[in-house]
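Visitor: I've got a model loaded and some questions about its fold. Could you walk me through it?

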Amino acid sequence: MAIINRVLEGSVRVDGRDAETVGSDEFIHEDRPFKKRILENQDTFIPEVQRYAWGGECRVEIDMHAWLHAKETHDSAMHIWGDTRFYEGDSEDTGELEDQEHFDFWVPRSVQEETPAIVNVVDLVHPEHVGQDDWARVTFALFNRKPQDEED
Ligand SMILES: [Ca+2]
Ligand SMILES: [Ca+2]
Ligand SMILES: [Ca+2]
């Protein structure tokens with residue numbers, strides 16, 4: 001039996017602010033591309049989009065899963081879900097969890113080249129002092145494409 005698969009492709013971007021009481025705030029604007037073959041009816045963990053750190057004190061972690069549904073029942077739509085976590089502490093490796101949000105959305109088959117990406121936004125915030133919030137925004141921009149033969 002042929003193995004059915006599609007390619008989940010696009011980017012996961014993190015924008016955020018590390019607020020400072022002394023000196024300027026520090027920002028992240030990091031857009032990471034990725035491309036992953038997803039097999040039908042199989043939980044696929046996507047580790048490429050996991051960790052974004054900045055400013056010496058802030059970090060966002062993303063755990064992301066994909067499930068490709070059958071063409072017959074769901075027209076090969078992908079279900080994407082996972083968790084985002086926002087840490088702020090005395091280093092970028094801190095264990096101080098300030099906020100977390102679950103995400104859960106679908107990426108239908110991108111039928112043509114010009115089909116726009118499916119965009120899903122997750123906001124995280126660490127209310128520190130008035131007007132001095134640390135925050136992060138995770139933006140998923142994804143396509144569900146047919147694999148090309150040359151891909152592995
Ligand atoms: Ca800070
Ligand atoms: Ca800092
Ligand atoms: Ca903290």
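Visitor: In which order do the elements of the protein run from the N terminus on?

Guide: Helices (H or I, at least four residues) and strands (E, at least two) are DSSP runs, numbered from the N terminus. There are one helix and nine strands in the protein. Read from the N terminus, the order is β-β-β-β-β-α-β-β-β-β.

Visitor: And what should I know about the numbering and the model?

Guide: Residues count from 1 along each chain as its sequence is written, while chains are lettered from A and ligands numbered from 1 in the order in which they are written. It's a predicted model, where local features need pLDDT of at least 70, side-chain atom pairs count only at pLDDT 80 or more, and totals for chains, interfaces and linings use all residues.

Visitor: Which strands stand at the edges of the open sheet of four strands?

Guide: Two strands pair if DSSP finds at least two bridges between them. The sheet has the order 2-1-9-8, with antiparallel pairing.

Visitor: How many bridges join strand 1 to strand 9?

Guide: Strand 1 covers residues 5–18 and runs antiparallel to strand 9. One of its residues, Leu-8, has Asn-144 as bridge partner in strand 9. The number of bridges is 11.

Visitor: What is the bridge partner of Val-125 in strand 9?

Guide: Strand 9 spans residues 134–145 and pairs with strand 8 over nine bridges, in the antiparallel sense. Ile-118 has Leu-142 as its bridge partner there. For Val-125, the partner is Trp-135.
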